[in-house]
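Hi,

Here is the structure I promised to pass on. Have a look at it first, and my notes follow below.

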Amino acid sequence: MSGSALYETFARAPLAFERGEGSWLITADGERFLDFAAGIAVNSLGHSHPHLVAALGEQAGKLWHVSNLYEIPGQSRLGERLVKNTFADKVFFTNSGAEALECAIKTARRYHYVAGRPERNRIITVEGAFHGRTLATIAAGGQKKYLEGFGPNVEGFDQVPFGDLKALKNAITPATAAILVEPVQGEGGIRAVPNDMLKAIRGLCDEHGILLILDEVQCGVGRTGRLFAHEWAGIEPDIMAIAKGIGGGFPLGACLATDDAATGMTTGVHGTTFGGNPLAMAVGNAVLDVVLEDGFLDEVNRKSLLLRQGLAEIVDAFPAVFEEFRGAGLILGLKCRQPNAAVTLAFRDENLLTVPGGDNVVRLLPPLTVSDEEIRAALGHMRDAAEKLVKVAVDA
Ligand SMILES: *Cc1c(COP(=O)(O)O)cnc(C)c1O
């Protein structure tokens, strides 16, 4: 046996944390890190949020798991609340983002199947996308580095370049069932689809009888300053996958759909053992309690402005390190001129945690509850790190 007992699939930082408080992660030695990674946009309300801790604790003392053989009141409640606050009429709960996407893909194919169009089963996806690590979702994402060695690849996905409406139009065939898009690519490097492009994609779907599937696993649940990112474009999908932020740190995902899009998802055609269990539902409902509170999203937008103003100054001050910043709300990216891995490491040396992404970007994904003071502290750490990176570059 070499090294640890774990698969070597993760390049982990040599860091372990004992507890978390709000926007802070704390090691066993008491060293504090400002968490602008938030478990990759998962800890939407930070660490140890009292309302979430209470909800989980209370449920844990009553009932953990019963399976979907029985009714789960927390599931009906969370489903109804998601329906009330979105385009959707129906919800299927999962344990992860990839499973939510699997459900979305199956929902789209069944929709055409039960309408007597089984040949319409292909899904158009966008380059740079990330939809998860199951066999179907790596095929949907189409990234070579995630597909290599795992063939034969799952069939049925056609990929077009990011931001290329003409290519998307040309990719539509009589076999197209759906178009699958992240309104803001997360792992792809915080690349937002412009609002007019999302509108045009919606129009193409309507014109051709194609379903629009949005992947809001990373950009949903308040991250962009609206409950869901597509609201900025004034459009509605037919199907949407969510996860990450809705669980606030508890494994929870969901596939949302209109009544029409979900017509094929009848009794027995899909299932899950753990999905929607009482623990997950208690936490999901508690996350919504906070995110749906009056003024919560206004605060996200206000704090986003503060962070973005600071980032603009930093990009101006350190052109040798940063090219630009981009994104919306509290899903922001710093496109780097130096390798993003080195920048992420330099930030970590200042006790600021961030996440590298595609296109040489460092992702900034603080808890939505981050304070002004913490934003100012993070900006200070970024400046200190950038100064050191410039100095190293000059000395070299
Ligand atoms: C993280 C992510 C997924 C996959 O979620 P898992 O919970 O890791 O399966 C899918 N889509 C997007 C946009 C993501 O960011």
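Which strands does helix α12 lie across, and at about what angle does it run to β3? Helix α12, residues 372-395, lies across β2, β3 (32-35) and β15, and its angle to β3 is about 105 degrees. Bear in mind that this is a predicted model.

Those strands belong to an open sheet of four, ordered β1-β2-β3-β15, with mixed pairing. The edges are taken by β1 (19-21) and β15 (352-353); each has a single partner strand, so one side of each is left without a neighbour in the sheet. For β1, three bridges link it to β2 (residues 24-26) in the antiparallel sense, and Arg19 sits opposite Ile26 of β2.

Around it you'll find Ser96, Gly97, Ala98, Phe130, His131, Gly132, Glu182, Asp215, Val217, Gln218 and Lys244. Sorted by class, that shell comes to three nonpolar, five polar and three charged residues.

- Lys244: an N or O atom of its side chain is 2.6 Å from an oxygen atom of the ligand.
- Ala98: a backbone N or O atom lies 2.8 Å from a ligand oxygen atom.
- Phe130: here a backbone N or O atom is 3.1 Å from a nitrogen atom of the ligand.

As for cover, the ligand taken alone exposes 380 Å², and the protein buries 81% of that.

Cheers

Terms used:
Residues numbered from 1 in each chain as written. Predicted model: local features only at pLDDT ≥ 70, side-chain atom pairs only at ≥ 80, totals over all residues. Heavy atoms only, no water. Pairing = 2+ DSSP bridges. Helix = DSSP H or I, 4+ residues; strand = E, 2+ residues; numbered from the N terminus. Contact = heavy atoms within 4.5 Å. Axes fitted to C-alpha atoms, helices over the stretch in contact; angles between N-to-C directions. Near = heavy atom within 4 Å. Polar contact = N/O pair within 3.5 Å; in protein donor to acceptor, adjacent residues only side chain to side chain. Areas by Shrake-Rupley, 256 points an atom, 1.4 Å probe, with all protein chains shown as cover. Nonpolar A, V, L, I, M, F, W, Y, C, P; charged D, E, K, R; others polar.
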